[in-house]
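Dear colleague,

I am passing on the structure we discussed, and below it you will find my notes on what came out of it. Please read them with the model open beside you.

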Amino acid sequence: MTSTAGPPQPKTIALFAVQAFLLALLIGWWPTPRALYPPLLRAQAEPLLAAATHDSLTLRPAEPTLEGADTVMEAREAGLPKPRWRAELSFLRLGWWPTAVLAALVLATPMSGRRRALALLAGVLWINAYVLMRLFAEVAYADYEALRPGAESVGVAHALLRSGAEILEANVVLVAVVLLAWVALARPAQGLDTRSLRRLLPARAG
């Protein structure tokens, strides 16, 4: 007498949430990749930004006295002793923690090993693309401001650049970027039991 195993049961939302939370903390505070992330991102972003802006733009480690910042971005002009503008950034907040959370969501979602590996790779590229977009917006806005020092508003271009930089910097946008990548790459509806969530939705009339 033989028995065949049925299809695997979907993971409950509660178990998924606990696993994703613990994995996010474990990955996020993992010392070695956490320490390597800012210099690796600086090495990747600096030539791209410099080539796109045609400027002497540098990304370097922040001074230990700068709280909450691990990177300093500066734009210099020949013959000037001081940078035209300077921005203090946290690559850990902008890129590392979103990457850790997205990796945790993917690892906690039931799927095949091959699909999980591809989702992790695509997720890292997705977050890196977002960080680069955020840096390009910062450079564009800082350059525009440096050309018109002291001006509170100089028209539509100024408003658009400022709004774009502020939107990309908002935490809610960062959360949306991570969740959108998770849904698109991991397809959680296929491996998670969402019945408990559906019960919270209002019943249809009729």
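**A buried asparagine, and what surrounds it**

N128 is buried, with a relative accessible area of 13%, and because the cut-off for that label is under 20%, this residue falls within it. Please keep in mind throughout that this is a predicted model. N128 has its place in helix 4, and its side chain makes a polar contact with the side chain of Q44 at 3.2 Å. If neighbours within four places in sequence are left aside, the residues in contact with N128 are Y37, L41 and Q44.

**The overall fold**

The protein has seven helices and five strands, which follow one another from the N terminus in the order β-α-α-β-β-β-α-α-α-α-β-α. Of its 206 residues, 36% are buried, and the accessible surface comes to about 12700 Å², with 66% of that belonging to carbon and sulfur atoms. Among contacts between residues at least 6 apart in sequence, 59% join residues that are at least 24 apart.

**The nonpolar core**

The largest nonpolar core holds 41 residues, and those that touch the most other members are L49, M73, W85, F91, L135 and W182. Elements that give two or more residues to this core include helix 1 (13–28), helix 2 (31–53), strand 3 (71–76), strand 4 (85–89) and helix 6 (171–186), while the largest share, ten residues, comes from helix 3.

**Strands 3 and 4**

Strand 3 and strand 4 run antiparallel and are joined by five bridges, and V72 has E88 in strand 4 as its bridge partner. Why does strand 4 have a covered face and an uncovered one? In a regular strand the side chains alternate between the two faces of the sheet. In strand 4, W85, A87 and L89 make up the covered face, whereas R86 and E88 make up the uncovered one.

**A proline in helix 3**

P98 lies in helix 3, which spans residues 91–108, and P98 is buried, with a relative accessible area of 4%. Leaving aside neighbours within four places in sequence, P98 is in contact with L92, R93, I127, L174 and V178.

With best wishes

Technical notes
Residues numbered from 1 in each chain as written. Predicted model: local features only at pLDDT ≥ 70, side-chain atom pairs only at ≥ 80, totals over all residues. Heavy atoms only, no water. Helix = DSSP H or I, 4+ residues; strand = E, 2+ residues; numbered from the N terminus. Buried < 20%, exposed > 50% of the residue type's maximum accessible area, 1.4 Å probe, protein only. Contact = heavy atoms within 4.5 Å. Core = buried A, V, L, I, M, F, W, Y, C linked by side-chain atoms within 4.5 Å. Pairing = 2+ DSSP bridges. Polar contact = N/O pair within 3.5 Å; in protein donor to acceptor, adjacent residues only side chain to side chain. Areas by Shrake-Rupley, 256 points an atom, 1.4 Å probe, with all protein chains shown as cover.
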